[in-house]
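Hello,

Here is the structure for you to look over.

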There are 2 protein chains.
Amino acid sequence: MKTAITPTRSENFSEWYQNLIAAADLAENAPVRGCMTIKPYGWAIWELMRDTLDKRIKKCGVQNAQFPLLIPINFFNREAEHVAGFAKEAAVVTHYRLKMIDGTLQPDPDAKLTEPYVIRPTSETIIGEAMSRWVQSYRDLPMKLNQWVNVMRWEMRPRLFLRTSEFYWQEGHNVFATHEEANADARKMHRVYGDYMREMLAIPSIMGEKTPEERFAGADHTYTLEHIMQDGRALQAGTSHDLGQHFAKSFGIQYLGPDGALKHAWTTSWGVTTRMMGSVFMTHSDDDGLVLPPAIAPYQVVIIPITREDTADALNAFAQKLGEQLENIDVRVLVDTSDMRAPDKMWKWIKRGVPLRAEIGAREMDENNITVTRRDLGKSSRQTMTIDAFVADVKNMLAQIQHDMYDAVVRRNETMIHNVADLSALESALANGKIGFFRIKYDLTTNEKFDALMEKYKISRRCLDDNDPTYVYVAKSY
Amino acid sequence: MKTAITPTRSENFSEWYQNLIAAADLAENAPVRGCMTIKPYGWAIWELMRDTLDKRIKKCGVQNAQFPLLIPINFFNREAEHVAGFAKEAAVVTHYRLKMIDGTLQPDPDAKLTEPYVIRPTSETIIGEAMSRWVQSYRDLPMKLNQWVNVMRWEMRPRLFLRTSEFYWQEGHNVFATHEEANADARKMHRVYGDYMREMLAIPSIMGEKTPEERFAGADHTYTLEHIMQDGRALQAGTSHDLGQHFAKSFGIQYLGPDGALKHAWTTSWGVTTRMMGSVFMTHSDDDGLVLPPAIAPYQVVIIPITREDTADALNAFAQKLGEQLENIDVRVLVDTSDMRAPDKMWKWIKRGVPLRAEIGAREMDENNITVTRRDLGKSSRQTMTIDAFVADVKNMLAQIQHDMYDAVVRRNETMIHNVADLSALESALANGKIGFFRIKYDLTTNEKFDALMEKYKISRRCLDDNDPTYVYVAKSY
């Protein structure tokens with residue numbers, strides 16, 4: 001069977017993904033090493049993901065602010081684990097002027113910075129410095145801040161959305177008076193992400209704590225959300241960190257307690273990135289292209305008038321009017337009156353993953369009917385209904401798609417999580433090409449034999465099982 | 001009379017501005033040369049400004065996208081005027097790794113980029129390169145793109161919001177088939193900004209074309225919006241550029257016409273920045289602090305319960321309930337139930353410019369009354385009214401404030417625009433300390449005598465008079 005995307009997922013998942021991104025016009029590699037340009041359709045999805053998550057974050061009492069892009073090296077260097085974790089991928093600003101020298105535009109040697117700056121890979125340090133001034137007394141706590149920004153981590157093997165040198169994210173940074181509150185907050189934001197991903201992205205998360213080996217550089221506890229891709233590999237979709245007093249001590253974030261004693265505070269940080277888009281695309285899409293959950297689809301419905309030359313004007317006008325009706329009930333709709341051929345339009349919007357496609361021809365217009373197809377189910381869901389019924393039911397249909405897409409992933413994931421009794425069982429599963437997450441006793445993964453398996457099969461510890469943290473999930477990952 | 005901000009505007013406008021920003025908790029200087037940290041209250045204002053402008057931009061058929069932060073030097077260098085305009089303030093990335101050398105964290109000499117990158121000061125070049133691939137045929141035109149991003153122009157004399165090395169903006173980049181369309185678009189976006197500033201920011205703009213001396217580096221025409229500050233100085237609040245074919249030719253943005261001929265396209269770019277916030281703050285504020293137009297005020301109403309110990313709980317609950325009532329009719333409201341003293345609360349929100357302050361004591365609660373004061377008018381507007389009347393009327397009151405604030409600036413500006421017949425008249429006005437905009441024949445400002453005046457009085461040409469472009473406005477500027 002001919003598919004819109006070649007190769008198919010089963011033929012070559014990695015190439016399929018690249019071609020999916022191109023076919024849906026989401027993004028492209030930028031002419032800057034490791035960076036991407038996010039095209040309008042891709043960015044529209046991100047805006048919906050961002051704005052809906054932003055509301056949930058603000059409901060937690062978090063306020064947005066904006067901290068500088070550049071971080072002085074000495075800030076970066078104050079927390080030892082942190083700098084060790086990020087120094088190897090830091091983009092460094094060393095000059096503040098260009099000059100034409102011998103016909104070539106170059107950094108001006110007379111404009112060298114005495115102290116270079118790093119483009120933020122994350123902002124614990126620069127926000128920690130600010131908090132050391134902003135937090136004075138217990139009355140200032142908790143202080144909860146967030147920013148939506150670009151960050152940069154130099155990337156040698158970039159892949160669109162999954163791993164790019166520059167990416168976009170929100171980073172939340174909260175301060176508390178006690179460790180108990182901080183840890184509870186790190187866990188709470190972890191749940192906020194889990195709820196968001198389930199309800200908006202239609203993706204179930206494996207949620208648990210990272211093992212010490214996989215923690216964020218400078219954290220006491222890292223809570224992660226791991227998604228299972230269709231090829232069985234893990235995608236880390238978000239993390240929330242209990243930073244203990246690492247940054248509070250490095251930056252002197254102290255508060256005067258009600259008892260008059262000066263104490264170090266406790267901080268958390270938590271973030272999700274444009275990588276989450278990669279998870280949405282890889283989790284839901286099929287061999288015909290993107291499949292978007294209605295909650296984050298820039299167009300939830302596309303109306304395609306099947307025009308003949310003599311009926312085009314009347315039909316386009318009719319479709320426009322229907323579009324307005326849907327807009328009035330807050331459905332995001334596109335009426336495609338472009339001069340492409342109808343089948344080309346159809347495939348364009350299939351590849352872009354619009355949840356509902358509504359086609360209308362001259363005869364249907366006369367009969368007040370419309371033919372509707374669900375993107376997630378394809379042809380089998382094709383049905384002709386009256387326009388009144390469609391308008392009355394469209395919101396339910398979208399909610400049903402959102403619900404069914406989530407369910408489908410849950411069912412698929414069930415087939416991708418395997419219990420393994422010991423390292424030999426793990427090895428034989430991997431050797432047999434079994435894909436997915438393997439659940440194994442954590443202590444079995446802290447020896448040389450496991451290290452050899454990690455090396456050989458490119459697997460890693462994803463997270464501890466929240467229900468029984470003596471078990472850990474291991475998988476190949478993106 | 002004691003004022004909340006000292007010095008007052010008339011005593012020292014520049015210091016007043018710094019203290020205003022601090023008192024309203026809007027932003028602070030960052031520990032990064034020339035950069036600012038925008039604090040939550042400041043960023044909440046920007047979010048409202050951004051989101052409301054974004055809607056207007058999208059209504060023009062513009063789509064948001066996201067282009068890389070870094071620009072390869074050779075891109076930057078392709079348009080001669082452009083590089084000349086920006087090379088002197090470019091932040092340059094030269095390394096992609098840090099290394100500990102002799103106990104000091106430094107750029108790793110083994111990780112030097114063969115071609116350095118510039119942090120975008122503006123994105124005509126990198127977007128031009130993308131457009132050269134995205135635009136193929138006349139069917140792709142017009143193409144209208146925008147991005148909301150941070151940019152960097154190294155700044156030696158920074159001032160919060162007005163002039164910072166890193167700032168935040170939107171930059172729109174449109175491509176057209178003909179010069180006529182491109183020029184009409186540059187003028188249209190200029191008007192979109194003018195309408196937005198009038199309706200949302202309550203600020204009238206002097207709108208006109210920049211003289212050749214003041215054009216954007218690489219533009220054929222630059223249309224500007226100039227605001228008159230309370231000290232008579234000009235603030236350039238936004239610009240829209242007709243770029244002719246400068247970038248189309250440098251980057252090869254070409255399209256195949258319906259006639260099969262390959263032609264260079266015509267481009268525009270247009271932007272407004274966080275500098276606009278500086279204009280809002282300097283235009284409307286007074287010696288007691290910020291005065292915000294309701295349309296962009298994070299809180300349009302603050303409710304202050306005047307509690308005594310025995311009535312605090314009941315009164316706070318009553319105030320909360322009123323707050324919810326206002327929220328339900330889409331008024332942005334804060335109920336200040338913090339444990340500060342009532343006068344301290346009152347001054348806090350005066351300094352932060354909340355448009356309407358509603359105070360309620362135990363007796364008023366019993367009588368179902370509330371006492372309301374407009375921030376823009378102060379004490380003279382103080383009135384006690386029934387709570388029902390307040391709820392019924394609050395939206396009208398906010399609209400009236402928005403309207404009156406605009407009118408007040410229009411009236412003040414009328415006193416600040418002066419016609420001068422010749423350079424002697426200009427010089428004597430300046431020598432006498434007259435402040436504001438001076439309207440003079442443009443050709444009078446293209447000689448050495450005018451250059452000497454520019455130097456001596458730090459004035460510059462702001463823009464041509466749209467009604468009669470043989471005249472130019474000159475003023476001191478921020």
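Strand β5 (residues 92-95) of chain A and strand β5 (residues 92-95) of chain B run antiparallel, joined by three bridges. Strands here are DSSP runs (E, at least two residues), helices likewise (H or I, at least four), numbered from the N terminus. Two strands pair if DSSP finds at least two bridges between them. A:Val93 sits opposite B:Val93 in β5(B).

This is a predicted model: local features need pLDDT of at least 70, side-chain atom pairs count only at pLDDT 80 or more, and totals for chains, interfaces and linings use all residues. Residues are numbered from 1 along each chain as its sequence is written, chains are lettered from A and ligands numbered from 1 in the order written, and side-chain values use heavy atoms, without hydrogens or water.

The β5 strands belong to an open sheet of six strands, with antiparallel pairing. Its order is β4(A)-β8(A)-β5(A)-β5(B)-β8(B)-β4(B). The edges are β4 (70-72) of chain A and β4 (70-72) of chain B, each pairing on one side only.

Next, β10 in chain A. Strand β9 (residues 143-152) of chain A runs antiparallel to β10(A), with ten bridges. There, A:Asn146 stands opposite A:Gly172. Strand β16 (residues 266-273) of chain A also pairs with β10(A) in the antiparallel sense, over eight bridges. A:His173 has A:Ser269 as its bridge partner in β16(A).

Now the second largest pocket, at about 1,700 Å³. A pocket is an open set of points on a 1 Å grid over the protein atoms alone, where a 1.4 Å probe fits, with protein on both sides within 12 Å along at least five of seven lines; lining residues have an atom within 4 Å of a point. Its volume is the space filled by probe spheres set on the points, which are joined across faces, edges and corners. Of its 50 lining residues, the closest to the centre are B:Arg153, B:Arg163, B:Gln236, B:Arg275 and B:Tyr478.

Last, A:Ile304 lies in strand β17 (residues 301-306) of chain A. A:Ile304 is buried, at 0% relative accessible area. A:Lys88 is 216 residues from A:Ile304 in sequence and 51 Å away in space, C-alpha to C-alpha.

Best wishes

Conventions:
Buried < 20%, exposed > 50% of the residue type's maximum accessible area, 1.4 Å probe, protein only.
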